[in-house]
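Student: Let us go through the terms used for this model and check each against its definition.
Tutor: Here is the entry.

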Amino acid sequence: MTLTESAPAPADEVVLEAVGLTKHFPVRRRLRDLLSRTPAVVHAVDDVSIALRRGRVTALVGESGSGKSTVARLLAQLYPRTAGDIRLHGRSTRVRGGHRFRAYVRRVQLILQDPFASLNPVHTVRYHLTRSLRIHGNAGTGPDGLEKALAGLLTRVALTPPERYLDAFPHELSGGQRQRVAIARALGADPEVLLADEPVSMLDVSIRLGVLNLLQDLKDRLDLAILYITHDIASARYFADETIVMYAGRMVEGGDSETVTQRPAHPYTRLLIESAPDPERITGAGGDGAAAGERGHGEPPSLIRPPAGCRFHPRCPAAMPRCATDLPPPMPVDDAPGHWAACWLYDADTVATEKPANAEKPAKAEKPANTEHAEQAGTEAGR
Ligand SMILES: Nc1ncnc2c1ncn2[C@@H]1O[C@H](COP(=O)(O)OP(=O)(O)O)[C@@H](O)[C@H]1O
Ligand SMILES: [Mg+2]
């Protein structure tokens with residue numbers, strides 16, 4: 001069962017799709033590895049399937065190291081994949097450099113976490129945007145056409161009047177303005193898909209909401225399919241139509257954002273939400289990964305030798321014997337269409353035979369974390 005089966009309307013056409021996407025990174029060989037037959041690898045991403053739809057935001061949520069950026073880079077075709085497929089408009093694509101890569105990048109643009117690192121400090125805004133427009137054939141005709149296109153890009157990301165920003169260098173802009181320039185540069189390709197890898201987590205708390213609202217506005221006006229990667233599940237509720245939760249390289253839960261964040265089914269998602277600040281305090285919540293989301297519930301496992309069965313089972317308060325041996329497939333949660341969890345708690349037969357006394361299925365929404373938590377996150381977030 002996958003989410004993509006829930007019949008989409010034409011407006012929700014799938015633009016970009018990952019099917020069983022897998023990435024294993026080889027690790028440096030040690031003497032021990034030379035003796036063993038199987039070389040050691042980091043299981044960064046295993047069997048991830050995501051459908052990005054026109055005019056929709058899909059959030060990919062998980063703590064640091066869960067494989068989110070690797071998924072984004074695979075979807076951007078920056079890495080060769082170990083297994084699985086990437087389909088653009090239903091067509092399998094595998095591109096490595098050359099003109100096919102440029103044609104792909106024209107449709108699928110990646111926005112990174114750190115706008116300062118992604119913009120060249122010795123070049124102006126005009127240079128960055130002109131280059132993008134030219135490479136992708138959107139620079140118009142003649143100098144007037146280019147000026148119009150440049151002004152159009154800056155206006156679209158609300159950097160107005162454009163003349164004020166065109167000749168600025170990255171260091172002359174605020175973090176939020178730099179991220180807007182990075183978004184404008186991506187729009188220079190006139191893409192169909194934006195892959196936004198933690199686009200606001202490096203930004204000052206007070207300007208995060210503005211940048212998320214900008215992305216939402218672009219989604220609506222340009223009908224973009226957006227992958228929104230975040231460690232902050234509270235912002236997924238606010239910003240994304242659909243939410244997928246990853247743990248240690250695997251997808252553990254998915255569904256519409258409201259359901260996943262208000263009625264989390266997988267024990268890992270429940271822990272993530274319990275340790276997140278109040279969802280209503282979105283502007284203060286983005287930094288919670290370091291402050292709260294990644295604290296207080298054990299350590300993520302080694303991805304070189306990930307746990308057998310469910311990768312979460314060593315940390316899971318509801319683990320049953322089977323969880324240590326058998327990988328749970330995605331199973332319907334039966335509380336909302338398309339809501340699924342890769343957890344044996346949602347398999348009636350398993351629960352009937354193995355359920356320990358403390359393995360309660362979540363009956364209702366988790367309450368938001370207490371304000372003490374949120375205050376801590378607020379003070380730790382603005383770095
Ligand atoms: N180029 C690489 N070589 C080896 N291991 C990598 C590489 N990139 C990422 N990893 C590993 O893959 C795992 C997932 O990383 P990443 O996708 O960056 O996670 P996230 O973005 O969720 O923090 C981590 O254990 C990380 O150390
Ligand atoms: Mg990352």
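**The sheet and its terms**

Tutor: Eight strands form an open sheet with mixed pairing, in the order E6-E7-E8-E3-E9-E10-E12-E11; that is, it is a sheet of 8 strands. Strands E6 (108-111) and E11 (331-332) stand at its edges with a single partner strand each, so one side of each has no neighbour in the sheet. The model is predicted: local features need pLDDT of at least 70 and side-chain atom pairs pLDDT 80 or more, while totals for chains, interfaces and linings use all residues. Residues are numbered from 1 along each chain as its sequence is written, and chains are lettered from A and ligands numbered from 1 in the order in which they are written.

Student: What makes a run of residues a strand or a helix here?
Tutor: Helices (H or I, at least four residues) and strands (E, at least two) are DSSP runs, numbered from the N terminus. The protein chain has 16 helices and 12 strands by this count.

Student: Why are E9 and E10 called paired?
Tutor: Two strands pair if DSSP finds at least two bridges between them. Strand E9 (residues 242-247) and E10 have 6 bridges in the antiparallel sense, so they pair under that definition. One bridge joins Glu242 to Asp256 in E10. The hairpin of E9 and E10 has 2 residues between the strands, and Ala248 there takes a positive phi near 50°.

Student: How do you know that E10 also pairs with E12?
Tutor: E10 and strand E12 (residues 340-341) share 2 antiparallel bridges, and the definition asks for at least two, so they pair. Glu253 stands opposite Ala341 in E12.

Student: What makes E10 mostly covered?
Tutor: A residue is buried if 20 or more other C-beta atoms, placed from the backbone, lie within 10 Å of its own, exposed if 12 or fewer, and partly exposed in between. In strand E10 (residues 250-256), 6 of its 7 residues are buried. Over the 383 residues of the protein chain, buried residues make up 45%.

Student: Why is His24 called partly exposed?
Tutor: His24, in strand E1 (residues 14-26), has 19 other C-beta atoms within 10 Å, so it is partly exposed.

Student: Which residues does His24 touch, and what counts as touching?
Tutor: Two residues are in contact if their C-beta atoms, placed from the backbone, lie within 7 Å. Leaving out residues up to four places away in sequence, His24 touches Val41, Val42, His43, Ala44 and Thr82. His24 and Ala44 are 20 residues apart in sequence and 5.7 Å apart in space, C-alpha to C-alpha.
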